[in-house]
Amino acid sequence: MGHYMFKRLLLVLPTLVVPIVLIFTLLRLAPGDPAVVMLGDQATAEQVAKLRASLGLDQPIYSQFGDWVGQLLHLNLGHSIFFQQSVLSTITDHASVTLQLTLLSFALAVVVGVAGGMLAALYRGRIVDRVVMILAIIGVSLPEFWFGLNLIFLFAVTVRWFPVSGYIPLADGFFASERSLVLPALCLGMIQAAFIARLTRSTVLDVLTEPFVTTARSKGLPERIVVLKHIARAVLVSILSTIGVILGLLLSGAVAVEVVFALPGLGQLLVDSVGRRDYPVIQGVVLATSLTFVAINLLVDFLYALVDPRVRYE
Amino acid sequence: MSLEVEGGGATSDPVADSPLAGRRKLRHVIADHPSMIAAGLMLLAIVVAVVLAPLIAHARPDQIVVTDRLKGPSGAHLFGTDNLGRDILARTLYGGRTSLEIGLVVALISVGGGTLIGLLVGFYEIVDMIVMRIVDGLMALPALVLAISMIGVLGAGTTTVVICLSIVYIPRVVRVIRGSVLIIRKSTFVDDERALGQSEPYILFRHVLPHCMSPVIVQASFIFSYAILAEAGLSFLGVGIPDSVPSWGNILTDARSYISTAWWMSIFPGLAIALTVLSLNVFGDGLRDMLDPRLKER
């Protein structure tokens with residue numbers, strides 16, 4: 001196991017290099033002088049020169065890159081022009097909303113998706129299967145933001161069960177806070193559930209032909225035990241292996257959902273920073289998401305190797 | 001599990017090659033894949049409607065009529081009007097031109113580029129080492145986050161949206177094609193060609209590429225649908241196609257502010273996106289089942 005973890009850790013390094021180089025080059029690819037764009041038309045030449053110096057833009061490109069990576073290692077992501085504070089604290093201010101939203105949606109997506117997919121597979125060809133699969137393909141075809149608009153129209157405008165938009169911080173009470181996240185999480189979660197249901201159904205159909213299922217059945221185990229113990233376990237392992245993909249979809253979807261429901265999360269921050277030309281924040285958000293993403297994928301790989309020993313010996 | 005479908009045509013069976021059998025085969029395809037055919041017809045209808053936009057909609061998409069602000073669906077405006085009095089039917093149809101064009105171009109570039117890279121990567125191990133690390137790195141960034149940040153810095157516009165979405169989807173195609181090439185490379189007919197003294201590029205394009213066509217076609221239909229969703233999302237967020245050109249995404253931007261008073265502003269353009277993407281997905285699923293019979297009935 002130790003050997004496997006070491007090998008896997010080494011493989012992660014190149015995966016980190018690409019986003020870091022890309023994010024660094026991004027700012028340098030901007031048309032015109034980034035300092036001028038960031039400060040706007042009203043800036044004086046002095047202010048521009050000062051910002052250029054603080055961004056290191058007056059240095060040669062290789063030393064800029066070296067300095068930038070050096071600062072990253074000290075968790076220094078730069079300074080936000082709009083918020084007048086460090087990018088790191090701007091990101092941590094917004095991260096908790098995105099974290100809550102993603103976790104809630106993920107839980108919802110796994111529960112609904114696995115249940116739906118298993119039902120469809122076990123009643124294959126029957127009406128349940130048809131209904132679940134039709135709902136699932138509709139789900140993967142809906143734009144998240146439009147699904148969100150419809151949820152707002154139904155549950156916040158027509159029947160006023162939930163607030164139209166906005167976020168109540170955790171500090172103002174746990175339940176009030178979660179209530180403000182119900183519609184957004186429903187929106188993001190149901191669309192991911194559709195994806196998971198499709199995946200679960202094909203996994204179960206695969207597993208059903210495996211010898212261990214036949215053995216379990218021929219031992220005379222009740223069908224309930226076969227499904228819950230043997231099949232469900234295989235499904236969870238296969239979902240574990242695609243968690244990376246699901247998380248990427250969730251994080252991408254969260255951007256649009258946060259904007260639709262006016263939640264002050266990282267997605268909203270990213271979109272607003274694009275409008276404000278706050279380049280250090282854009283870089284910081286992309287870097288933070290990709291680092292989280294890589295870290296979670298690594299963790300999943302370790303878990304996967306723990307659950308499925310075959311992986312370790314490959 | 002019916003294995004008799006496609007692929008059998010590769011052998012030179014005189015009966016299968018006769019025109020009569022061809023027609024019978026087509027009828028089989030229609031009978032075996034009714035939902036795929038329905039989805040194909042739906043797509044065709046959407047494309048025709050979008051191309052014939054000037055004949056269907058009476059108004060121009062950017063014609064502002066202040067007195068007609070926020071009118072519900074009626075005989076004069078089938079889909080109603082928006083907050084500036086613009087006809088939503090016209091905007092949906094003309095917006096479809098932009099969205100479908102972008103989806104198609106992104107699909108062609110991503111699948112073309114991805115296939116080429118996938119072929120080279122799967123065939124030459126040195127290229128594989130380097131390129132696959134870059135592919136992994138690019139896939140370590142959530143698609144929409146990567147696209148928003150690139151567009152945010154490069155500036156919104158049709159070209160940047162196409163370039164950024166292609167960069168997002170090329171790695172996905174590379175992975176799929178590489179997988180197929182790695183399997184085909186090991187088959188005996190590739191060894192035979194080598195023994196006959198054929199050059200590597202000749203084998204690659206003349207023999208390996210045709211065997212990758214099924215995944216290529218399936219990927220093209222899925223990327224087309226992803227790209228339409230992505231463009232809509234980006235433009236809705238205001239970081240895609242600028243407001244001066246209607247697209248399915250940017251006509252929905254204002255709909256959010258009027259959700260409690262003018263539901264028609266969001267319903268119709270959204271339905272257009274959902275129907276198109278749904279048809280593409282059903283069509284793609286059907287293609288996959290047809291071209292890869294092993295996956296059928298899953």
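Which elements of chain A each supply at least two residues of the lining of the second largest cavity? In this predicted model, they are α10, α11 (266-276) and α12. As a guide to the names, residues are numbered from 1 along each chain as its sequence is written, while chains are lettered from A and ligands numbered from 1 in the order in which they are written. Because the model is predicted, local features need pLDDT of at least 70 and side-chain atom pairs count only at pLDDT 80 or more, whereas totals for chains, interfaces and linings use all residues; side-chain values use heavy atoms, with hydrogens and water left out.

Read from the N terminus, the order is α-α-α-α-β-β-α-α-α-α-α-α-α-α. The C-alpha trace of chain A spans about 80 × 60 × 35 Å along its principal axes. Of the 314 residues in chain A, 46% are buried, a term for under 20% relative accessible area, with exposed meaning over 50% and partly exposed in between (1.4 Å probe, protein chains only). Among contacts in chain A with a separation of 6 or more, 72% join residues 24 or more positions apart; a contact has heavy atoms within 4.5 Å. Carbon and sulfur atoms hold 68% of the accessible surface of chain A, which comes to about 15,500 Å² (Shrake-Rupley method, 1.4 Å probe; for residues, only the protein chains shown count as cover).

On a 1 Å grid over the protein atoms alone, a cavity is a set of points where a 1.4 Å probe fits but cannot get out, and a pocket is an open set with protein on both sides within 12 Å along at least five of seven lines; lining residues have an atom within 4 Å of a point. Grid points are joined across faces, edges and corners, and a volume is the space filled by probe spheres set on the points. By this rule there are four cavities of 30 Å³ or more.

The second largest cavity, with a volume of about 70 Å³, has B:Val145 in its lining, along with residues of chain A including A:Thr98, A:Leu251 and A:Thr289. Its lining comprises seven nonpolar, three polar and no charged residues (Ala, Val, Leu, Ile, Met, Phe, Trp, Tyr, Cys and Pro count as nonpolar, Asp, Glu, Lys and Arg as charged, and the others, Gly among them, as polar). A:Thr289 also lies among the residues nearest the centre of the second largest pocket, which has 29 lining residues. That pocket holds about 750 Å³ of space, and its lining has 24 nonpolar, five polar and no charged residues.

The largest cavity has a volume of about 80 Å³. Its lining includes B:Asp82, B:Arg86 and B:Asp254, and by class has four nonpolar, two polar and four charged residues.

Two backbone details complete the picture. Most residues other than glycine have a negative phi. A:Leu75, in the loop between α4 and β1 (79-80) of chain A, has a positive phi of about 60° and is exposed, at 56% relative accessible area. A:Ala262, in the loop between α10 and α11 of chain A, has a positive phi of about 50° and is partly exposed, at 29%.

Conventions:
Helix = DSSP H or I, 4+ residues; strand = E, 2+ residues; numbered from the N terminus.
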